[in-house]
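Here is a short briefing on one protein chain. Keep the sequence and the 3D view at hand while reading.

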Amino acid sequence: MTSRLIPRRVFSSTLLTGLLLCMSATHVIAAEQAPDQFIQNMSNEILDIVRKDPALKAGDLQKISVLVDTKILTHINFQRMTAAAVGPGWRQASPDQQKRLQEEFKMLLMRSYSGALSQVKDNYSIVVKPLRAQATDNEVVVRTEIRGGSEPVSLDYRLEKSPDSPTGWRSEE
């Protein structure tokens, strides 16, 4: 009788492990968003945070830096973005120089986003244009429009599929 219980326990634990893995895989698949939905969600979240925090609206650089670092910069492929900004000289730079360039470029982006976020008004909104991409595309352009100022401002996001990103996408530029 004991020999019969052991296989059942092994079967039960194997079944339980398999179910947990399937549930984890389902969670990972569900976490990946469509690229346009990712941009819409991230934009709305950031605008909501800025609207609700007087220090952010007043341009508190420390708070804006934290917001940019935690909500925006985590979705950027700095190596690819920096390489594109530097151009042909990127390949000639040593690994240490490339690392330093990425750090400086990150600071430039931080300042740029900080300046833009400090100008957000309550009536600003982000409109995501219809996506022109296939579900199998690994690189897409998400076209948006920032509304609320005197004239709408077009802003395009070049995204690449990224398995290490919680949303499944990272910005290339």
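This is a predicted model: local features need pLDDT of at least 70, side-chain atom pairs count only at pLDDT 80 or more; totals for chains, interfaces and linings use all residues.

The protein chain holds seven helices and four strands. Along the sequence the order is α-α-α-α-α-α-α-β-β-β-β.

**Strands β2 and β3**
- Strand β2 spans residues 139-147, and strand β3 spans residues 153-161.
- The two strands pair in the antiparallel sense, with eight bridges between β2 and β3.
- β2 and β3 form a hairpin with five residues between the strands.
- In this hairpin, Gly148 takes a positive phi near 130 degrees.

**Strands β3 and β4**
- Strand β4 covers residues 169-171.
- β3 and β4 run antiparallel and are joined by three bridges.
- On this side, Glu160 has Arg170 in β4 as its bridge partner.
- β3 therefore has a pairing with β2 under the rule that two strands pair if DSSP finds at least two bridges between them, and its three bridges to β4 meet that rule too.

**Burial, surface and contacts**
- The protein chain has 173 residues, and 28% of them are buried.
- Among contacts in the protein chain with a separation of 6 or more, 52% link residues 24 or more positions apart.

Definitions and conventions:
Residues are numbered from 1 along each chain as its sequence is written. Side-chain values use heavy atoms; hydrogens and water are left out. Buried means under 20% relative accessible area, exposed over 50%, partly exposed in between (1.4 Å probe, protein chains only). Contact means heavy atoms within 4.5 Å.
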